Amino acid sequence: MKALVYYGPRDLRIEDRPDPPLCPNDVRLAVRACGICGSELHAVLEAQERRKPGIVMGHEFAGEVIETGPQVTACRVGDRVAVQPLTHCGRCELCLAGRPNACPNRTLYGMTWGMPGGYAERAVVTEDRCFPIADGVSYELAILGEPLAVALHALGRGPATPARSVAVIGAGTVGLLTLAALSTLKPERVFSTDKVAWKLDLAAAFGATPLLAGRDDVRAAVRDATQGRGVDWAIEAAGFEETVALALDLTRPAGHLTCIGNAEAHIGLSLHAIVQGERTLMGSYGYTDADFRRGLELVAAGLVPATLLAERRVTLDSAPADLVALATGAWSCIKAVLVP
């Protein structure tokens, strides 16, 4: 089969690889669509410890079941499924406590060595990672269930009492889908900030007040709109030191900050702002099966507009050049989709 293989920054190659073997509880998919994640684009530009040379990336994928292992009972040939790429051991303390996304033994299709992802014509996954796609939902729209699950899980890591005011920092895929998910909670006031004006146009369509970093005084605007208090809840969806610092500054004393962004490994924060302001700082990683299922349900319900998907499609043949163009900003879009 044809696959896009990652060998390092700006080194992506199309190769003919053998199909992965099929174990008794596995299904083989013809990959119909695979989202291109920002974390993968970071790897296109900079070496990452999490992605080894020789791996087939792609964890936001959906496809048609074309073969099943002898012990498979939940899937049949012809089924349309989206892949929940996070796996867990099911035995550790965190798994048994209902937090499998934090499992120390977790793996991820398209990132963990030996678990090739969706940047290929075909992929093999265990049947329990396959979730049905509702009738009428395209494969390409279904791949948005994965980043929407990230946003939904982050909302579950929010304050215990409903937040009246929320700021979402970053208007990329996860930031915009966080705004979509927030609409189900109906806060009174939502702000969105980013450095890119056209992304904020999309944020405004979700009902957020757009604030353009570098043009607007974001801190002053939020203070003025909240009578000097700051927001009850800030959600950081970029993952850089400056954006986390901004999120902390926007959060009122005794407020809540949830961090989804995961770009920089080490950042500096004001311990005084956290301790003396008694602010709650919460991390959010991935999602559970329930989050993933809910994400697909909300996609089927029309919560996510197809306009978030780029009109232009990436093919395996065009992928080496297209991924570099996406990573460098030569081609701008919210969510690019690879169609093998």
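Two strands are counted as paired if DSSP finds at least two bridges between them, and the helices (H or I, at least four residues) and strands (E, at least two) are themselves DSSP runs, numbered from the N terminus. The model is a predicted one, in which local features need pLDDT of at least 70 and side-chain atom pairs count only at pLDDT 80 or more, while totals for chains, interfaces and linings use all residues. Residues are numbered from 1 along each chain as its sequence is written, and side-chain values use heavy atoms, with hydrogens and water left out.

On these terms, six strands form an open sheet with parallel pairing, and their order is β12-β11-β10-β13-β14-β15. Because β12 (209–212) and β15 (280–283) stand at the edges with a single partner strand each, one side of each is left without a neighbour in the sheet. From one strand to the next the twist averages 20 degrees, where axes are lines fitted to C-alpha atoms, for helices over the stretch in contact, and angles run from 0 to 180 degrees between N-to-C directions.

Helix α5 (residues 173–182) touches β10 (165–169), β11 (189–194) and β13 (231–236), and its direction makes about 160 degrees with that of β10. Helix α7 (residues 218–225) touches β11, β12 and β13, and its direction makes about 175 degrees with that of β11.

Helix α4 (residues 145–155) is mostly covered, since 11 of its 11 residues are buried, where buried means under 20% relative accessible area, exposed means over 50%, and partly exposed lies in between (1.4 Å probe, protein chains only). Among these buried residues are Glu-146 and His-153, as well as Leu-148 and Val-150. What covers the buried residues of α4 includes β4 (60–68), α3 (139–142) and α10 (289–300), together with α5, β13 and β14.

Two loop residues other than glycine have a positive phi. Gln-227, in the loop between α7 and β13, has a phi near 55 degrees, and at 67% relative accessibility Gln-227 counts as exposed. Glu-278, in the loop between α9 (271–276) and β15, has a phi near 45 degrees and is likewise exposed, with a relative accessible area of 63%.

The cysteines can be examined with a disulfide taken as a pair of cysteine sulfur atoms within 2.5 Å, and by this rule the count comes to zero. For Cys-23, which is in no disulfide, the nearest cysteine sulfur is that of Cys-130, 14 Å away, and Cys-23 is partly exposed, with a relative accessible area of 41%. Cys-37 is also in no disulfide, the nearest cysteine sulfur being that of Cys-34 at 9.7 Å, but Cys-37 is buried, with a relative accessible area of 15%.

On a 1 Å grid over the protein atoms alone, a cavity is a set of points where a 1.4 Å probe fits but cannot get out, and its lining residues have an atom within 4 Å of a point. A search of the whole structure finds one cavity of 30 Å³ or more, and about 30 Å³ of space lies in the largest cavity, the volume being the space filled by probe spheres set on the points, which are joined across faces, edges and corners. Residues that line the largest cavity include Gln-84, His-88, Arg-129, Tyr-287 and Asp-289.

Key: Contact = heavy atoms within 4.5 Å. 1 Å grid on protein atoms, 1.4 Å probe; cavity = no way out; pocket = protein on both sides within 12 Å on 5 of 7 lines; lining within 4 Å.
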